[in-house]
Structure formats: structure tokens, C-alpha cells
Amino acid sequence: MGHLSPFLRPGAALLLCVGLAACGEFDFDFRNLGDGLDTSEAALTATADRPRPDDRGVISYPNYQVVVAQRGETVGDVADRLGLDGINLASFNGLPPDAPLRDGEVIALPARVPEPSPATGAIGTGPILPAGEVDVAALAGAAIDRAGETEPALPPGAQVGVEPVRHRVVRGETAFTIARLYNVSVTALAEWNGLGANLDVREGQYLLIPVVIEPAVAAAPLPPVAPTTAPGTGSATPEPPSASQPLPVATAPESRPTPEPVTAAPLADDRTAASDTAQLLLPVNGSIIRPFDKGTNDGIGIGAPEGTPVVAADAGTVAAITRDTDQVPIVVLRHEDNLLTVYAGVDAVTVEKGDAVTRGQPIAAVRNGSPSFVHFEVRDGFESVDPMPYLN
């Protein structure tokens, strides 16, 4: 339908709206109401781009996963690609199994498939998380998975972000009404979900609501500066008290005993004669501030001051050096008996991939942090294990 003239009389516009609504062909959105008068898209909140899927087309969040269809695929094709039941996948999305899909169309997964990882073409491993919640253990695990490869273990740029709202379309809704409901542009909604040029949605379809980009907080204006006046032209200068009263006679300050210099207590040495004969050395001397918790924390956190040398827990080779999303290094060493050790929260790395290291050799330094600590993992093969039995 062409644009309505901006000079269309109100009465005629009302009749046209009523007539089209009666035919079920009009969405009360009032966009494109005359050339130059459409500000609806610009007035909406800015949104981020949809995250990149892995090679399977999967985008993973903590509470759900979706798959992005390719050109010419059906629901059954997508199910075969992911090893899912086609009838179940189709039913979950309100589609017949042989329904053709648009290129880029988003399909919700009824059950979780294996997480994206470097093996599936993703940069990171696991679901997309906010930047402050990315687990260094997961990033270290991704580095270990690729430790035997020649290319970098984990290139920078692993995806982080906010989990979007997942909206299920109900009868009577349109792309426009859903976009208005969440105050996002219909263009962004279409791009995130591959809706196509007609913006068609169907009952029972799951849509990802584009993530809103929070606007920067404007700086508070500075208070106005009081105007200055030339000397002698402003208000009268008050007479100081010393002009009429003499200043008190200065007296020598009371002598105080010189305090003895305070020396910082030395960092507790957790290494003992027994630990020197243990299978592994502590990478730094310090207290355990974060214990091992399988599935939650796959290593231990050892508190130590910034700049403290971090040493190799045992002789071996540097299997991988990667970086987390903040570009903080993660070092992986390979030892005898298929044992791996991981060192995160470090800086000033002094070794390179492929280098041979000796037991106790400095390999990095503790990075600045609040608090500063080293995240240390021990892995039997790729399986994370409690480091403490190896350190005692």
C-alpha cells in the first residue's frame, strides 16, 4: 500500500482505517504516515546485533538455545543436522516437519544440544554470558581442548552478552505489535529472527526480542562559575582579624617519641617440606581464597600480591597460551601421565607455546586485581580434578 498523503483529511483517514480494519488487512501501527513524518523507528531504543551462531547454527544462552536455519532447509533438515527428533522440534515451534524455512529464520530448541565450542566453530565454549560472568574456567577448558593444535587455542573475541527475552507469539499478534510491546524497532525484530520481507509471524512461534543497548549516562553539568571582577571593583574585602588583634606567639610543638618503623608481615609460606615432595608445587605462596567445586569452580583461587612470580607446578611443556575476553593470559602446561595444569589471573608471561619448563620455573606474574589471585587448575586428561591431593 502506498504512503498516505500528509494532507489527507482527518475524516477520510478515519474512514480508510475503519474499512481496512474490517477487512483484517490493517495493523494499527500508523507508520509511514506521509513522506518525512515517520519517526517511529528512530524514536525506539537502539538494539545490539544478533550474536553469531556456531557452524551448526546454534546460539546458546543459559536458559535456552536456538538454531538459525539455512537457505532451503526444512524443520526436518534442521533436526537431522542437530540429531533431534523432527516431529518434536516441529511441534515445539508450531510447524509441520516438512515446513520450509527462511534463510536466517530462528527455531527454538526443545532440549539442549552440546554447547558451542571451538570444535563446533565457536570462539568460546558454553552459553553466551554477560561480560562480568564469563567463567575463566570455561575459557581455560576451551584452551585445553585445542592444546594440541598449531593455531592459537582461543582467539580473542569470545561472545558475551545479555540473554534476550524469548517471546511466544499468540493469536492476533503481529511483528508490529510485538515490537511495540518491547519498545524495539520492527526492523531489529525481523533481523534477529529472520522474519523476511513480509514480517509474517505465526501462532506458537518463538521470537528473540533484540537486546537493548543501554544509553550512556550523560555527565552532570558543572555548576556555573561565579563571574570575577577586576581588582578594586568588586565587593569590599573584609578586614582580617590580625589587623586589629596581634597574632598569638608561636610555640614549639611538643616533642613526640619517634614511632618504630612498621614492617609488613611476610606472606604466609604455604610450602612445607612435605609439599616440596608432593606431585605438584603451588604456583604461588598464598592462601586458598576460592576452593575447588566441581562444575562451579574447576580449580582453586590462590591469593597473592600483584607481581608475585607464578611458577610451573611441575616439569612439562607449554601446551597453550590463550586469553580471556578481557585479554588476560591463560597458560596451560602439559606434564607426564597426561596431566595438565592451568594458570589464569596472570600477566607478564615469560614462556611461549611449545617451550619446555622445569619444576618451579617462573612462567608469569600475578595480575593486579581486587583481590589479586591465581586461578589454578589440574586436569587428568581433559577432566578437571581437585588440585589439593596433588599439592599435599
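Which residue lies over the face of Y206? R166 does, at 4.5 Å from the ring centre; a charge counts as over a ring if NZ of Lys or CZ of Arg is within 6 Å of the ring centre and within 35 degrees of the ring normal.

The model is predicted: local features need pLDDT of at least 70, side-chain atom pairs count only at pLDDT 80 or more, and totals for chains, interfaces and linings use all residues. Residues are numbered from 1 along each chain as its sequence is written, and side-chain values use heavy atoms, with hydrogens and water left out.

1. Y206 is buried, with a relative accessible area of 12% (buried is under 20% relative accessible area, exposed over 50%, partly exposed in between, with a 1.4 Å probe and protein chains only). F92 and Y206 form a stacked aromatic pair, 5.0 Å centre to centre with 20 degrees between the planes. Rings of Phe, Tyr and Trp (its six-membered ring) pair if their centres lie within 6.5 Å; planes under 30 degrees apart are stacked, over 60 edge-to-face, and the rest tilted. This pair links distant parts of the chain, with F92 in helix 4 and Y206 in strand 5 (residues 206–208), 114 residues apart. Helices (H or I, at least four residues) and strands (E, at least two) are DSSP runs numbered from the N terminus.

2. Other aromatic pairs. The count by this rule is 3 aromatic pairs. One of them joins Y61 and Y64 in a tilted arrangement, 5.5 Å centre to centre and 50 degrees between the planes. Y61 is buried at 1% relative accessible area, and Y64 is also buried, at 7%.

3. Helix 3. In this helix (residues 75–82), V75, G76, V78, A79 and L82 are buried. Seen down the axis of helix 3, its buried residues fall within an arc of 160 degrees, so they line one face of the helix; the arc is that of the directions from the helix axis to the C-beta atoms. The buried residues of helix 3 pack against strand 1 (58–60), strand 2 (65–68) and helix 4 (86–92).

4. Strand 10 is mostly covered, with 5 of its 6 residues buried. Strand 9 (residues 316–323) pairs with strand 10 in the antiparallel sense over 6 bridges, and A320 stands opposite V332 in strand 10. Strands pair if DSSP finds at least two bridges between them. Strand 10 is joined to strand 11 by 5 bridges, again antiparallel, and A344 in strand 11 is the bridge partner of I330. Strands 10 and 11 form a hairpin with 4 residues between them, and D337 in the turn has a positive phi of about 60 degrees.

5. H335. This residue lies in the loop between strand 10 (329–334) and strand 11 (339–344). H335 is buried, with a relative accessible area of 8%. The side chain of H335 makes a polar contact with the side chain of T341 at 2.7 Å (a pair of N or O atoms within 3.5 Å; within protein, one must be able to donate a hydrogen and the other to accept it, and residues adjacent in sequence count only if both atoms are side-chain atoms). Leaving aside neighbours within four places in sequence, H335 is in contact (heavy atoms within 4.5 Å) with D314, A315, G316, L340, T341 and Y343.

6. Strand 8 is joined to strand 14 (residues 362–366) by 3 bridges, with V311 opposite P362.
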